[in-house]
Amino acid sequence: MALLENKSSEAADNNKITSCEEEQEVELKDEVSAARVLSQEELQRLGSEKTLVSDFKQMKLEKEAQKNWDLFYKRNTTNFFKDRHWTTREFEELKACREFESQRLVLLEAGCGVGNCIFPLLEDDLNIFAYACDFSPRAVEFVKQNPLYCPERCCAFQCDLTKDDLRDNVPESSVDVIMLIFVLSAIHPDKMKLALQNISRVLKPGGIVLFRDYGLHDHAMLRFKAGSKLGENFYVRQDGTRSYFFSKELLAELFEEAGFQSVTNDYVLRETVNKKEGLCVPRVFLQSKFTKPAPSQSS
């Protein structure tokens, strides 16, 4: 369920699935502590959508969440997202948290999709062992079918982060770094804390969570059509997959309630260019780092 970089341009109709990065993204614009300020037109557009999807349909979407993600990967196979070669650039902890260069680093990517993040990392760094899990069984099978998949260096498994105990596949308190990249936004807000408590159980004390996801007032949020709103900052796409748009305050509260401490938590503003359609649109992401305190720190 992890999303990044659609190889095609973002659909004009935002009822279709949108990726977090489109055809071409310009250089980093800014990291800011406040959400993007909306124009009057954008404020009116957001304020005009007051009707929520019915409770019956919302229950159906929750019940069929796994099926909808599995169908997404059935349609798109491994072709929808580009490999994430930006990860070590954006998150220096992937190298800096080692005491020495040859130290083995144990990662968990929660919501790995088809492996667009873990395989570039495994290629770049021979001293990484990666656990990788996804909600979609089909996505996990694509990971295992990748020529780069090697059980000695990677363990992929299916998991619903909101109810399946990660310790069934990952030893407790054994992971140095957890990557949660465009994953939490796809989980119902009522269950996000459960997912964070789950990942905390396998993270070492002093370990770090690297987070990146949709931020409040991102362009994708403003493009949803009437009939797509599930709740405050929570929307459904045409294919039944869902997306939440985070404020930094809510994100910090979620992690703190799950026992984490905030290291950094900022909005990242970028501009994405769609040359084919002649569009330049503002993107807003949250890029954050949270740590699991050691017992002496949390007491």
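Biologist: What do the buried residues of H8 pack against?

Modeller: They pack against strands S3 (105–110), S6 (175–181) and S7 (203–214), strand S10 (242–244) and helix H10 (248–257). Contact means heavy atoms within 4.5 Å. This is a predicted model: local features need pLDDT of at least 70, side-chain atom pairs count only at pLDDT 80 or more, and totals for chains, interfaces and linings use all residues. Residues are numbered from 1 along each chain as its sequence is written, and side-chain values use heavy atoms, with hydrogens and water left out.

Biologist: Why is H8 called oblique to H10?

Modeller: The two pack at an angle of about 50°, with axes 9 Å apart. Angles under 35 degrees count as roughly parallel, over 145 as roughly antiparallel, 65 to 115 as roughly perpendicular and the rest as oblique. So H8 is oblique to H10.

Biologist: Which residues of H8 and H10 meet?

Modeller: Met192, Lys193 and Leu196 in H8 meet Leu254, Phe255 and Glu257 in H10. The residues of this contact divide into four nonpolar, no polar and two charged.

Biologist: Why does Arg36 count as buried?

Modeller: Buried means under 20% relative accessible area, exposed over 50%, partly exposed in between (1.4 Å probe, protein chains only). Arg36 has 15% relative accessibility, so Arg36 counts as buried.

Biologist: What makes a polar contact with the side chain of Arg36?

Modeller: The side chain of Glu42 does, at 3.3 Å. The definition asks for a pair of N or O atoms within 3.5 Å; within protein, one must be able to donate a hydrogen and the other to accept it, and residues adjacent in sequence count only if both atoms are side-chain atoms.

Terms used:
Helices (H or I, at least four residues) and strands (E, at least two) are DSSP runs, numbered from the N terminus. Axes are lines fitted to C-alpha atoms, for helices over the stretch in contact, and angles run from 0 to 180 degrees between N-to-C directions. Ala, Val, Leu, Ile, Met, Phe, Trp, Tyr, Cys and Pro count as nonpolar, Asp, Glu, Lys and Arg as charged, and the others, Gly among them, as polar.
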